[in-house]
Amino acid sequence: MNTLDEEAPDRIAHNEGILYFCRVFISCLSGCAAGILGLKSLWGFAGFVVSSLITTVLILILGTTPQTAHGKYFKSSVTPWSHSLMQGAMTYVLFWTLLFDMVHVYS
């Protein structure tokens with residue numbers, strides 16, 4: 001009778017909140033880096049894809065074990081890859097354009 005829904009909905013919600021925080025924070029840092037480096041167009045979006053993949057892989061490697069990779073910590077196996085992806089993308093674009101303008105346009 002130890003199913004995921006009966007056992008730990010509060011812990012799963014907490015894990016999703018941590019996943020949201022990690023993705024948005026890393027998107028902020030990588031957006032700043034992309035803006036300072038002066039990345040433009042597709043190279044800038046490639047920076048977001050790379051930072052998002054690295055973040056997700058690190059969360060899966062450091063935060064879980066192979067036996068309990070998804071079922072114990074998240075609702076589904078897609079959650080670590082897709083949760084708060086759009087919020088991270090919007091944060092990335094915000095800081096990317098802000099730092100790019102501050103360093104390269106107004107200097």
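Mentor: Axes here are lines fitted to C-alpha atoms, for helices over the stretch in contact, with angles running from 0 to 180 degrees between N-to-C directions. This is a predicted model, where local features need pLDDT of at least 70 and side-chain atom pairs count only at pLDDT 80 or more, while totals for chains, interfaces and linings use all residues. Residues are numbered from 1 along each chain as its sequence is written, and side-chain values use heavy atoms, with hydrogens and water left out.

Now the pair itself. Helix α3 (residues 41-63) packs against α5 at about 135°, and their axes are 11 Å apart. The two are therefore oblique to each other. From α3, the contact (heavy atoms within 4.5 Å) draws on S41, G44, F45, G47, F48 and S52, and from α5 on L85, G88, A89, Y92, V93 and W96. Helices, by the way, are DSSP runs (H or I, at least four residues; strands are E, at least two), numbered from the N terminus.

Some of those names come back in the largest nonpolar core, whose five residues are A34, F48, A89, Y92 and W96. Helix α5 (residues 85-105) gives the most to this core, three residues. Such a core is a set of buried Ala, Val, Leu, Ile, Met, Phe, Trp, Tyr and Cys residues joined through side-chain atoms within 4.5 Å. Buried means under 20% relative accessible area, exposed over 50%, and partly exposed in between, using a 1.4 Å probe and protein chains only. Neighbours within four places in sequence aside, A34 touches L39, Y92 and W96.

Then have a look at C32, which lies in helix α2 (residues 9-37). C32 is buried, at 18% relative accessible area. Again leaving out neighbours within four places in sequence, C32 is in contact with F95 and L99. C32 and F95 are 63 residues apart in sequence, yet 5.4 Å apart in space, C-alpha to C-alpha.

How far to trust it? On pLDDT, the predictor's confidence in each residue from 0 to 100, the protein averages 85, and 85% of the residues score at least 70. Confidence is highest in α5, at a mean of 95, and lowest in helix α1 (residues 4-7), at 52.

Definitions and conventions. Angles under 35 degrees count as roughly parallel, over 145 as roughly antiparallel, 65 to 115 as roughly perpendicular and the rest as oblique.
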